[in-house]
Amino acid sequence: QVQLQESGPGLVKPSQTLSLTCTVSGGPITTSPYYWSWIRRPPGKGLEWMAGIRYDGFPDLSPSLNTRTSISRDTSKNQFSLQLSSVTPEDTAVYYCVRATMGRDEYDYWGQGTQVTVSS
C-alpha cells in the first residue's frame, strides 16, 4: 500500500520561502510509470497543480508559478520536495502531495494534506 505524508511548517511569513517534503512509503518513487506532484487548495477555491516530478526525475512546473517554484527529490529517502519562494497570503492553502499513473487523468494516492498559512 502506497502512503504519502507531507511535512513542513504550518505558518510562514510573507516574502519567505515555503519548503514542503513528501515522504513516500510502499514503493520507490523511481518506479515507472508514476508521476509525483504537489497540488494545493486555497480556501474557497479549487485544486491547483503546482509542480511534478517524473519517476526518472524529470521535473515540471506550473507556468503560473514557475518563477517561484522548484521541485526536487531525494531517492535515498524516498522523498520529493517543493519550494515556493516569496510567499504572500494568497499562498495560504492546504498542500497535498499526490501520485498519478502516467497516461491516466486522476491521482491514485494522496497525502492527508498540510495546512500552510502565510501571515506576519
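How many helices and how many strands does the protein have? The protein has zero helices and 11 strands, where helices (H or I, at least four residues) and strands (E, at least two) are DSSP runs numbered from the N terminus. The model is predicted, so local features need pLDDT of at least 70 and side-chain atom pairs count only at pLDDT 80 or more, while totals for chains, interfaces and linings use all residues. Residues are numbered from 1 along each chain as its sequence is written, and side-chain values use heavy atoms, with hydrogens and water left out.

## Overall form

Read from the N terminus, the elements run β-β-β-β-β-β-β-β-β-β-β. The radius of gyration is 14 Å, close to the 14 Å that the globule rule gives for 120 residues, so the protein is as compact as a globular protein of that length. Here the radius is taken over C-alpha atoms, and the globule rule is 2.2 Å times the number of residues to the power 0.38. The C-alpha trace spans about 40 × 30 × 25 Å along its principal axes.

Of the 120 residues, 39% are buried. Buried means under 20% relative accessible area, exposed means over 50%, and partly exposed lies in between (1.4 Å probe, protein chains only). The protein exposes about 6300 Å², and carbon and sulfur atoms supply 47% of that area. Accessible areas come from the Shrake-Rupley method with a 1.4 Å probe, and for residues only the protein chains shown count as cover.

Contacts (heavy atoms within 4.5 Å) also describe the fold. Among those between residues at least 6 apart in sequence, 53% join residues at least 24 apart.

## The nonpolar core

In soluble globular proteins, nonpolar side chains tend to be buried together. A nonpolar core is a set of buried Ala, Val, Leu, Ile, Met, Phe, Trp, Tyr and Cys residues joined through side-chain atoms within 4.5 Å. The largest such core here has 25 residues, of which L4, L18, V24, W36, W38, F80 and Y95 touch the most other members. At least two core residues come from each of β3 (18-25), β4 (34-41), β5 (48-54), β8 (79-84), β9 (93-101) and β11 (114-118). The largest share, four residues, is supplied by β3.

## Strand β4 and its partners

Strand β4 is mostly covered, with seven of its eight residues buried. Which strands pair with β4? Two strands pair if DSSP finds at least two bridges between them. β4 pairs with β9 in the antiparallel sense over eight bridges, and I39 has Y96 in β9 as its bridge partner. β4 and β5 also run antiparallel, joined by six bridges; the partner of W36 in β5 is I53. The hairpin of β4 and β5 has six residues between the strands, and within this hairpin G44 takes a positive phi near 75°.

## Salt bridges

A salt bridge is a side-chain nitrogen of Lys or Arg within 4 Å of a carboxyl oxygen of Asp or Glu. By this rule there are five salt bridges.

| Pair | N to O distance |
|---|---|
| E48 and R40 | 2.7 Å |
| R54 and D56 | 2.6 Å |
| D108 and R99 | 3.0 Å |

How are the side chains of these pairs covered? R40 is buried, with a relative accessible area of 5%, whereas E48 is partly exposed at 24%. R99 is likewise buried at 7%, and D108 is partly exposed at 30%. In the remaining pair of the table, R54 is partly exposed at 26% and D56 is partly exposed at 38%. R40 and E48 also belong to a network of salt bridges that links them with R68 and D91.

## Backbone exceptions

Most residues other than glycine have a negative phi, and most peptide bonds are trans. A cis peptide bond joins S32 and P33, with omega about 5°. P33 lies in the loop between β3 and β4.

Two serines have a positive phi. For S15, phi is near 80°; this residue sits in the loop between β2 (11-12) and β3 and is exposed, with a relative accessible area of 58%. For S86, phi is near 50°; S86 is placed in the loop between β8 and β9 and is partly exposed at 42%.
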